[in-house]
Amino acid sequence: MRPLAAVLVPAILAAQSAQDPAELRQKLAAIQGRLGQVDQQLASLKKRRKGVLVEIQGISLQRDRAKAQVEGARLRRDQAQNEVHVIGRERTRIQGEVLRLQGSLRKQVRWMQALGPWGDIALYVTFKDLEAWLVRGRMLAWARLQERKQLGQIQRLQGDLATKEKALKEVLGRLAMEEREAAQLQAALRLQEDKLNSFLDGLQKDEVAQKQAQAELAEEAVQLERLLAGLLSKPKGEAFEPMMAFAGLRGDLPQPVEGTLALGFGEHLHPRFRTKTMQSGLLISAAGGAVVAAVADGKVAFSDYYQSYGPMVILDHGGGWFTLYTHLLGLGVTKGQVLKAGETVGAVGDTVDGPRLGFEIRHQAQPQDPQKWLKRKYR
């Protein structure tokens, strides 16, 4: 039977080239940060009054946690594969060097055997012949020295090779463990997704729960207006004063993220609750993790987890104007931070309907249709 390394290493090396270890570490750190943020949201959720929205968000966050764990397991597997690639490449190099030295040594030994220990001493009859014999003797002594050096080098390389083989065996064992863990976490993720879908399917048939969810959404909208009213009542010294009045940017604002329109401003029939709801901004379908940018200069007036909006950032643009960015992947800015137009607010997070960004424009807490403010409308 062929050794495990002999079977797996060529397949892994053929399947992928070495990835940047620093990039893998950076991605793993991001996943750990994401897990921490999900745990913070789950802890925050426990403090809220129980209801349909809380239930949905709790199941959704558990799904998000499972997703992050799956991604972390995949990255750890990639790390192990990367180590296999590096060790396997070094192992091949050492084997090649050993073979080269062994071939050179064999040639040298054959040449010395042909000459004998001191060459043919019976052939010299003149001083010139004696001088040639002495030169040959010196050459033989030098050749023996080189032979010892090559033997020592071969032994060292064979020791290195044994070390690499041992390291490779350990990494392959870890890789197999990472593969098993990734499969288990993937199965756990499927269970969480099934749980969420079952809950949402049941909700569509439960009129009582639908009405409760509608009432909770209406209450959240009222609480958000109160939050914005509180931001407006702050001392004048804390207000943001822009170089250009926000009101003058109507029709000229950039899109906060590349994407398509999932839900527009105004009254809609809620796809889950089958009840009429007021959409106070845009719901934009975008790539998960896509960068969300500030549409204008502003000061971070709020950066926290907010009810079913998830991670939410509110930018104060002065003159009673605010932009709201909801359903973010996490909180990347802090309260009081000043952002220029185009600077990063956060990243697109996940919702029960997939990656979405909620984007609102408010004046004196009153919602405006963002499409009328954008230079390029969402389609």
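Helices (H or I, at least four residues) and strands (E, at least two) are DSSP runs, numbered from the N terminus. This protein has 5 helices and 13 strands. The model is predicted: local features need pLDDT of at least 70, side-chain atom pairs count only at pLDDT 80 or more, and totals for chains, interfaces and linings use all residues. Residues are numbered from 1 along each chain as its sequence is written, and side-chain values use heavy atoms, with hydrogens and water left out.

**The second largest pocket**

A pocket is found on a 1 Å grid over the protein atoms alone: an open set of points where a 1.4 Å probe fits, with protein on both sides within 12 Å along at least five of seven lines. Lining residues have an atom within 4 Å of a point. The second largest pocket holds about 430 Å³ of space; a volume is the space filled by probe spheres set on the points, which are joined across faces, edges and corners. It is lined by 19 residues, and Arg-34, Gly-288, Gly-289, Leu-329 and Val-348 are the closest to its centre.

Helix 2 (21-46), helix 3 (52-115), strand 10 (344-347) and strand 11 (349-351) each supply at least two lining residues. Helix 2 gives the most, with 4 residues. By class, the lining has 8 nonpolar, 7 polar and 4 charged residues. Here Ala, Val, Leu, Ile, Met, Phe, Trp, Tyr, Cys and Pro count as nonpolar, Asp, Glu, Lys and Arg as charged, and the others, Gly among them, as polar.

**The cores**

Buried means under 20% relative accessible area, exposed over 50%, and partly exposed in between (1.4 Å probe, protein chains only). Of the 379 residues in the protein, 40% are buried. A nonpolar core joins buried Ala, Val, Leu, Ile, Met, Phe, Trp, Tyr and Cys residues through side-chain atoms within 4.5 Å.

The largest nonpolar core has 27 residues, and Phe-246, Leu-253, Leu-315, Tyr-325, Val-345 and Leu-357 touch the most other members. Strand 4 (282-285), strand 7 (310-318), strand 8 (321-326) and strand 12 (354-363) each supply at least two of its residues. The largest share, 3 residues, comes from strand 12. A second, separate core of 12 residues includes Ala-301, Tyr-306, Tyr-309 and Met-312.

Contact means heavy atoms within 4.5 Å. Leaving aside neighbours within four places in sequence, Leu-315 is in contact with residues including Ala-294, Val-300, Trp-321 and Leu-339. Across the protein, residues 24 or more positions apart account for 74% of the contacts with a separation of 6 or more.

| Residue | Relative accessibility |
|---|---|
| Gln-255 | 15% |
| Gln-150 | 13% |
| His-327 | 19% |
| Ala-365 | 6% |

Gln-255 is found in the loop between helix 5 (207-232) and strand 1 (260-263). Its side chain reaches the backbone oxygen of Lys-377 at 3.5 Å. Beyond four places in sequence, Gln-255 is in contact with Val-295, Leu-374, Arg-376, Lys-377 and Tyr-378.

Gln-150 is found in helix 4 (residues 127-205). Gln-150 and Leu-105 are 45 residues apart in sequence and 7.1 Å apart in space, C-alpha to C-alpha.

Most residues other than glycine have a negative phi. His-327 has a positive phi of about 60° although it is not a glycine. His-327 lies in the loop between strand 8 and strand 9 (338-339). Ala-365 has a positive phi near 75°. Ala-365 lies in the loop between strand 12 and strand 13 (366-368).

Note on methods. A polar contact is a pair of N or O atoms within 3.5 Å; within protein, one must be able to donate a hydrogen and the other to accept it, and residues adjacent in sequence count only if both atoms are side-chain atoms.
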